[in-house]
Amino acid sequence: MPSPKSEVLQGTLDLLVLKTLATMGPMHGFGIALRIQQLSKDLLQLNQGTLYPALLRHEQRGWITSKWGISENNRKAKFYSLTRAGRKQLEEEAESWDRMSTMINRVLKAT
Amino acid sequence: MRESFRTFLQRLAALFRRRRLENDLDDEFRSHLEMSIDLNLRKGMTPADARREALRSFGGLEQTKELYREQRGLPMIETTLQDLRFGLRMLRRTPGFSILAILCLTLGIGANAAVFSWVEGILFRPYPAVTHQEQLLALAGTARGESGHTAISWPDFADLQRNCTLFDAFFVSKIMGTTLSIGDRAEVTTGSIVSANYFDALGVHPILGRGFEPGEDAGRNAHPVTVVSYQLWKGRFKGDPQIIGKTQRLNNVVHTIVGFTPEGFYGTFVGWAMQFWVPASMEEIFESGGYKLEDRGARWIEAYVRLKPGVTHQQAQQEISAVAKRLEADYPDTNRGRGIMLWPLWQTPFNNAGTLLPTLEIMLAVVVFVLLIACANVGNLLLVRSFARRHEMTVRLAIGAGRGRLVKQLFTEGLILSALGAVGGLLTAHWCRHALVLLFPARGGVAMHLPGEIDWRVLALSAGVCLITTLVLGLVPAFQTRKIDLAGALKSDSVGVVGGGGRAWVRSGLVVIQVSLSFVLLVGAGLLLQSLQRIRTTSPGFSTHGVLDTAVNLVSAGYDAPRAQTFQDELLDRVKALPGVESATFARMTPLSYGSYSSTPVAVDGYQPPPEEQPIVEYNEVGPDYFTTLGIPLVSGRQFTRADDERAALVAVVNETMAAKYWPGRNPIGERVQVKGRWMRVVGMAKDSKYQSVRETPKPFFYVPLRQNFSRGAGLYIRTPLSPETMTSALMREVHALDGNLALYEVITLQEQVDRSTSPQMVAVTLVGILGGLALLLAAIGLYGVMSYAVSQGTRELGLRMALGAGASNLLRLVLSRGLALTAGGVALGAAVALGLTRLLGSLLYKVSPRDPLAFGSAFVVMTIAALVACFLPAWRATRTDPARALRD
């Protein structure tokens, strides 16, 4: 199904997840999904489910940890929070993202 | 790097917490959806819409779960575990199949592992307690113009030791035996005469006391010390902790026990366990032929070398050959035409490694055959099962399993089977480790020692065999899945009995191969059996029946020569007076026994040897009436009498070959021959006989009177129709009447002696026979399996034939002829292979052509009978087909 909205690249999703957790503190998967959709003004087409393998990948690498807790409307939910390694990773990725976008902008403007 | 390792660990850990993680996953997704639905409800959607919208924005629930699972664990391992579980379940569901398959593989892999362990334990690493055996080589002499090996002399050995630089050590180990009396028990015991550096060179250190010190192997009878084995210490010395420094009489000389060896060290003679060691200085006490340490012409020692690390066999041989050349130049009298050679341990010419080598080589080929037959059998079983599982496979393909995944599943099942077979096989090999020794006849109470060794090399080889087996086993059904076509798979196709149908050719092919392989083994067994018979029926040139052989150990009883002579004369008189005894005599060497004849360079009036040849001839020291007693015919002249004693003129009896060589065209009687510097007059010419081996070709040989060349260690030979058992007690009485302390060796017939000398052939026949029988059984099972499957699948066709008027005998003939056609194919193929392969039996064949028609014919008959038996039950079942039911079903 062709979509008018942007497909999410995996690297981008990783960055978005880490950034969300960095600004919002511990959150559950649904919350992260909502937050990303709001921030991107629904321009990003995201199957919310794809978030979970990404979260698991981050957890396996030690960037985030997870813990079962109770959500704002009293539901059992798994909360993810950033670790120190995750924070460092975020900084690195944000930096390389900056470099990349600057470069691409420069290329685009040059023509 | 650290992160990916961390990820791997986490994934690995996830394998073991699957159930909990799976629950977590369900909970997390459920809570996500519930929160999403809550939100949608609050937005004012109907419950149904809220749910639909929540699921839509989540994306495919099951796909996401599957993605998640792949990220969570290690999918390769998980599917493998799944396959393993499933495979085990399948095997449990068909226990008959599983047991048969595993049994076949156990036999196949077990036979391989057992032979590997023998090869390892007897040929490659025969001395378990010895360090770095790969650096050891055997050292022996050669004589120009003669095949095989000779012993070497002590001075030559010492010169090698002095002049060679590429070796860590040269050491001597010469097997000998004595009668060991401890307390009131006397037993024949084997020991070794060794150089002083023996234990150091081997890296074996006595656990109590010491080994031999440098210099203890020099000086005539100068160092009466001995090191005893752990077994001897534990057994005969009852584990006495104070044993060091105690004394023990060995061949009537008091020796001081200076140490005992660690458990598991059996010396360095493949086939026998050594019980004690003495330094070479004591050689005269244990060896006949006098003091030899300074005699370069006396060749009696067997030796080994340890190479310096990094030195190759070839380099070492070059250095040794150079020294041997120099010795040849420096000492032409004793060393002309003499070389010195190194052998790898597994070809050691002077112990049982050499005798067993051809047998074990053949066995390696044979067990591969047996394994192939077993694989073919199991392959066939798997094929039958893969037919039965065609529906399962089709369904799995239809619901989306990849073919690769199915093949993996089938390989896993093959692996389970072969792994179980390998475990069974290794257990079998473990039990058979010591079995080889059982095939050898016991000798004189001394146990043979031929242990298999199951070390990591054997395990690795067995694992390799198991893997190959798996590949072969998995291949068969995998090959089958390739041909499954989804659309047509549900059509039932029954295989006809006669034509065989499309896929049956694979199974028939396997059976043909099985039959051909076992036919080859049957031919091999037949050939070996015939050789053995020829060997046993070949006349050795002396009577084997009605002649008994025994000995009285005068050396260890401390008799000196004059006393021994008196004893021998008195005993002979007494024995000859016994009822049933026709004649009796003494002689130093028993024909065809282990041990070496005396040998000497001879000179003959008027005979000029070619410049390169040194005319060394072996001889035996024999008593009066020797030729009558052993039944060796004299061509002319006379045999020795009592008058040929030390005071009389020196005389000799030569054999025909010697006469023809040194006195061509003349009568040797009355001629002179010089032996060890003494001239002897030839008084008789005897017919040729066998001296060392039944298979040897005629060689020059002569006899001298025992009295004129006395040896205390002489054997007693008695011509009598009585049995050894009857004679034993009478002999014992006579010996004890002369000296109550003397022990009598076992009394055997000369036939027994011949049989013992041919035991390697006997072992080869037994092993090939056992495995040939096994192969036949496996092939028959395979044939039976194929035929009964064909019959069960062809019920409809059989029913139709019956309905159309075929009688029971027609059907019987139908099935039998198909089975026999397969057999005939196999036999034809097998015969072709056998014609090419039986030549490899080489040295094990004696006077039998590798294409012997009798062996091929009897293999054919045996195979046909086995095939008939295997096919009869399925054929009989075919005749019991109920046509009405067969057609209705």
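Which pattern does chain A follow when read along the sequence? Chain A follows the pattern β-α-β-α-β-α-β-β-α. The chain has four helices and five strands; helices (H or I, at least four residues) and strands (E, at least two) are DSSP runs, numbered from the N terminus.

Before the next selection, some conventions are needed. This is a predicted model, in which local features need pLDDT of at least 70 and side-chain atom pairs count only at pLDDT 80 or more, while totals for chains, interfaces and linings use all residues. Residues are numbered from 1 along each chain as its sequence is written, chains are lettered from A and ligands numbered from 1 in the order in which they are written, and side-chain values use heavy atoms, with hydrogens and water left out.

**Stop 1: chain A and its helix H3**

Select chain A. Of its 111 residues, 41% count as buried; buried means under 20% relative accessible area, exposed over 50%, and partly exposed in between (1.4 Å probe, protein chains only). Among contacts (heavy atoms within 4.5 Å) in chain A between residues at least 6 apart in sequence, 51% join residues at least 24 apart.

Now select H3(A). Ten of its eleven residues are buried, so this helix is largely enclosed by the rest of the structure. Among the buried residues are A:Leu51, A:Tyr52, A:Arg57 and A:Glu59. Just after H3(A), select A:Gly62, which takes a positive phi of about 85°.

**Stop 2: the interface of chains A and B**

Show both chains. How many residues of chain A are in contact with chain B? There are 27 of them, in contact with 26 residues of chain B. The area buried between the two chains is about 2,400 Å², of which carbon and sulfur atoms give 54%; buried area is the accessible area (1.4 Å probe) that two parts lose on being put together, summed over both.

Across this interface the rule finds twelve residue pairs in polar contact, both residues being at pLDDT 80 or more. A polar contact is a pair of N or O atoms within 3.5 Å; within protein, one must be able to donate a hydrogen and the other to accept it, and residues adjacent in sequence count only if both atoms are side-chain atoms.

Colour the elements that give two or more residues to the side of chain A that touches chain B: helix H2 (29-39), helix H3 (51-61) and strand E5 (76-82) of chain A. The largest share, seven residues, comes from H3(A). The residues on this side divide into ten nonpolar, eleven polar and six charged. In this division, Ala, Val, Leu, Ile, Met, Phe, Trp, Tyr, Cys and Pro count as nonpolar, Asp, Glu, Lys and Arg as charged, and the others, Gly among them, as polar.

Next, select B:Ser31 in helix H2 (residues 18-42) of chain B. Is B:Ser31 buried or exposed? B:Ser31 is buried, with a relative accessible area of 5%. Not counting residues up to four places away in sequence, B:Ser31 touches A:Lys76 and A:Ala77. A polar atom of its side chain lies 3.2 Å from the backbone oxygen of A:Lys76.

The rule also finds three salt bridges across the interface; a salt bridge is a side-chain nitrogen of Lys or Arg within 4 Å of a carboxyl oxygen of Asp or Glu. To see one, select A:Arg75 and B:Asp38, whose side chains meet at 2.9 Å, N to O.

**Stop 3: salt bridges within chain B**

Select B:Asp156 and B:Arg299, whose side chains meet in a salt bridge (3.9 Å, N to O). B:Asp156 lies in helix H7 (residues 154-163) of chain B and B:Arg299 in the loop between helix H10 (283-286) and strand E10 (303-307), so the pair ties together parts that are 143 residues apart in sequence. B:Asp156 is buried, with a relative accessible area of 4%.

Move to B:Arg536 and B:Asp755, another salt bridge (3.2 Å, N to O). B:Arg536 belongs to helix H18 (residues 504-537) and B:Asp755 to helix H23 (residues 750-757) of chain B, so this pair ties together parts that are 219 residues apart in sequence.

**Stop 4: helix H25 of chain B**

Finally, select residues 795-803 of chain B, helix H25, in which B:Leu798, B:Gly799 and B:Met802 are buried. What covers these buried residues includes helix H24 (759-793) and helix H26 (808-837) of chain B. Just after H25(B), B:Gly805 takes a positive phi of about 110°.
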